[in-house]
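The stops below take you from strand to strand, then to a helix, a covalent link and some rings.

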Amino acid sequence: MRRLIGSWAMLVSLMGLAVLTGPAAARDWSDYANARFGYRICYPADLMTAQPEADNGDGRVFSAPSGASLRVWGSYNAAEEDIDAIVAGVADDGKITYRSATKDWVVVSGRKGGESFYAKLLLEKDAKGTIETIRAFRLTYPAKEAATYDAVAARLAKCFGIASN
């Protein structure tokens, strides 16, 4: 009986831990590192399936049966676009409802049709302040899946970064 009560208490404790840390923490997370552009990101492997890396090595797409999609990529800013033009491209004609930026990154989120999107861009600039390299991810998902994917977006934003050597 004592063993049964101890097991039950441990199960309740573990269930509470999952609730306390949020739905994204309870997921099965895997990592993807991109050698060409030197970034890394985690992704929810229990929700999304990794597609093959792009032929040019710039990134990868992760897709979900729900219609959600995570795209990660790196690019050189050969056209020397300013940050507003880059963000407009990432928003893909969607309505931006949130934007936050520092000198090194930009985050935007919004809606397009029945989908929500969240994107983060890491910016590498030259000595003059011109953006040279962009590393980015864009998560799109059906708005009705917000309870799941808003938590996923928050986790992605934290784990996305420059890969350590």
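Start with S75. Its bridge partner in β9 is I134. Strands β5 and β9 pair in the antiparallel sense over eight bridges; strands count as paired if DSSP finds at least two bridges between them. Helices (H or I, at least four residues) and strands (E, at least two) are DSSP runs, numbered from the N terminus.

A word on the model before you go on. It is predicted, with local features needing pLDDT of at least 70 and side-chain atom pairs counting only at pLDDT 80 or more, while totals for chains, interfaces and linings use all residues. Residues are numbered from 1 along each chain as its sequence is written, and side-chain values use heavy atoms, with hydrogens and water left out.

**Along β5**

Select β4, residues 59-63. β4 and β5 pair in the antiparallel sense over five bridges. R60 stands opposite V72 in β5. Now go to the hairpin of β4 and β5, with five residues between the strands. There G67 takes a positive phi near 100°.

**T133 in β9**

Select T133, which lies in strand β9. Is T133 buried or exposed? T133 has 6% relative accessibility and counts as buried. Buried means under 20% relative accessible area, exposed over 50%, and partly exposed in between (1.4 Å probe, protein chains only). Show its contacts, meaning heavy atoms within 4.5 Å. Leaving out residues up to four places away in sequence, T133 touches F37, S75, Y76, L122, L123 and E124.

**Helix α2**

Select residues 83-91. The buried residues of this helix, α2, are I86, V87, V90 and A91. They cover an arc of only 135° around the axis, so they sit on the same side of α2. The arc is that of the directions from the helix axis to the C-beta atoms. What covers these buried residues? The cover includes β5 (69-76), β6 (95-101), β7 (105-112), β8 (115-125) and β9. Step just past α2 to D92, where phi is positive at about 55°.

**The disulfide**

Select C42 and C159. They form a disulfide, with sulfur atoms 2.0 Å apart. The cut-off for a disulfide is a pair of cysteine sulfur atoms within 2.5 Å, and by this rule the count is one. The link of C42 and C159 is left-handed, with -90° about the S-S bond. C42 lies in strand β2 (residues 39-44) and C159 in helix α3, so the pair ties together parts 117 residues apart in sequence. Both C42 and C159 are buried.

**The rings**

Show the aromatic side chains. The whole structure holds eight aromatic pairs. Rings of Phe, Tyr and Trp (its six-membered ring) pair if their centres lie within 6.5 Å; planes under 30 degrees apart count as stacked, over 60 as edge-to-face and the rest as tilted.

Select Y32 and Y39. This pair is edge-to-face: 6.1 Å centre to centre, 70° between the planes. Y32 and Y39 are both buried.

Next, F137 and F160. Their centres are 5.2 Å apart and their planes at 90°, so this pair is edge-to-face. F137 is in strand β9 (residues 131-142), and F160 is in the loop between α3 (146-159) and β10 (161-162), 23 residues apart. F137 and F160 are buried.

Now select Y32, Y39, Y43, F62, Y118, F137 and F160 together. Ring pairs link them into a cluster.

**Charges over rings**

Finish with R138. Its charged end sits over the ring of F117, 4.7 Å from the centre. The test is NZ of Lys or CZ of Arg within 6 Å of the ring centre and within 35 degrees of the ring normal. Then select K120, which lies over the face of W105, 5.5 Å from the ring centre.
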